[in-house]
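Thanks for coming. I will walk through one structure, starting with the whole chain and ending with a few single residues.

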Amino acid sequence: MRNTTVEPWVHQYVVTLYLLKALERDRKHAEAMKLSRIWGGLFERLLLLAEREHNQVKQRLRRSGCRIVLEEVTPERHYHVMYVFQGYEFHCSMMPIVLKGKCEEKLQELLGGVS
């Protein structure tokens, strides 16, 4: 059984969550840069935008009755999420290269809104 109504939102949940983690890690690395105050401000704005979007996705999932049960990184380094929707258990798994590409797309989208 495929779940086409909630599955795209679960994918967005994974992407925005991973993007938040990556931005936080990159922000820490930017502290060592010569123009760290400028980069830090940019990272703060991006983190706020990404967190807002992640929270909206979580609210959308909650309103639809979807519940995230498990989040893990598998031994193959795939990001795996198990969720329950309408009494059924579903799984979503993303390869690292796909997740990175989706995060890059989302970051480009967020950068378009930062000024």
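Of the 115 residues in the protein, 33% are buried. Buried here means under 20% relative accessible area, exposed means over 50%, and partly exposed is in between, with a 1.4 Å probe and protein chains only. Before going on, note that this is a predicted model: local features need pLDDT of at least 70, side-chain atom pairs count only at pLDDT 80 or more, and totals for chains, interfaces and linings use all residues. Residues are numbered from 1 along each chain as its sequence is written, and side-chain values use heavy atoms, with hydrogens and water left out.

Now the layout. The protein has 3 helices and 3 strands, in the order α-α-β-β-β-α from the N terminus. These are DSSP runs numbered from the N terminus, with helices being H or I of at least four residues and strands being E of at least two. The C-alpha trace spans about 50 × 30 × 20 Å along its principal axes. Taking contacts between residues at least 6 apart in sequence, 55% join residues at least 24 apart; contact means heavy atoms within 4.5 Å.

Which residues have the most contacts inside the largest nonpolar core? They are Val10 and Tyr83, in a core of 27 residues. A nonpolar core is a set of buried Ala, Val, Leu, Ile, Met, Phe, Trp, Tyr and Cys residues joined through side-chain atoms within 4.5 Å. At least two core residues come from each of helix 1 (7–30), helix 2 (36–64), strand 2 (79–85), strand 3 (88–94) and helix 3 (96–113). Helix 1 gives the largest share, 9 residues.

Lys106 lies in helix 3 and is buried, at 6% relative accessible area. Leaving out residues up to four places away in sequence, Lys106 touches Gln12, Val15, Leu19 and Glu53. Arg52, in helix 2, is partly exposed at 49%. Its C-alpha atom is separated by 9.5 Å from that of Thr16, 36 residues apart along the chain.

Now the cysteines. How many disulfides are there? The count is 0, where a disulfide is a pair of cysteine sulfur atoms within 2.5 Å. For Cys66, the nearest cysteine sulfur is that of Cys92, 10 Å away; Cys66 is buried, at 8%. For Cys103, the nearest is also that of Cys92, 12 Å away, and Cys103 is buried at 7%.

Last, the backbone. Most residues other than glycine have a negative phi. Arg77 has a positive phi, near 70 degrees. Arg77 sits in the loop between strand 1 (67–73) and strand 2, and is exposed at 60%. Gln86, in the loop between strand 2 and strand 3, has a positive phi of about 55 degrees and is exposed at 58%.
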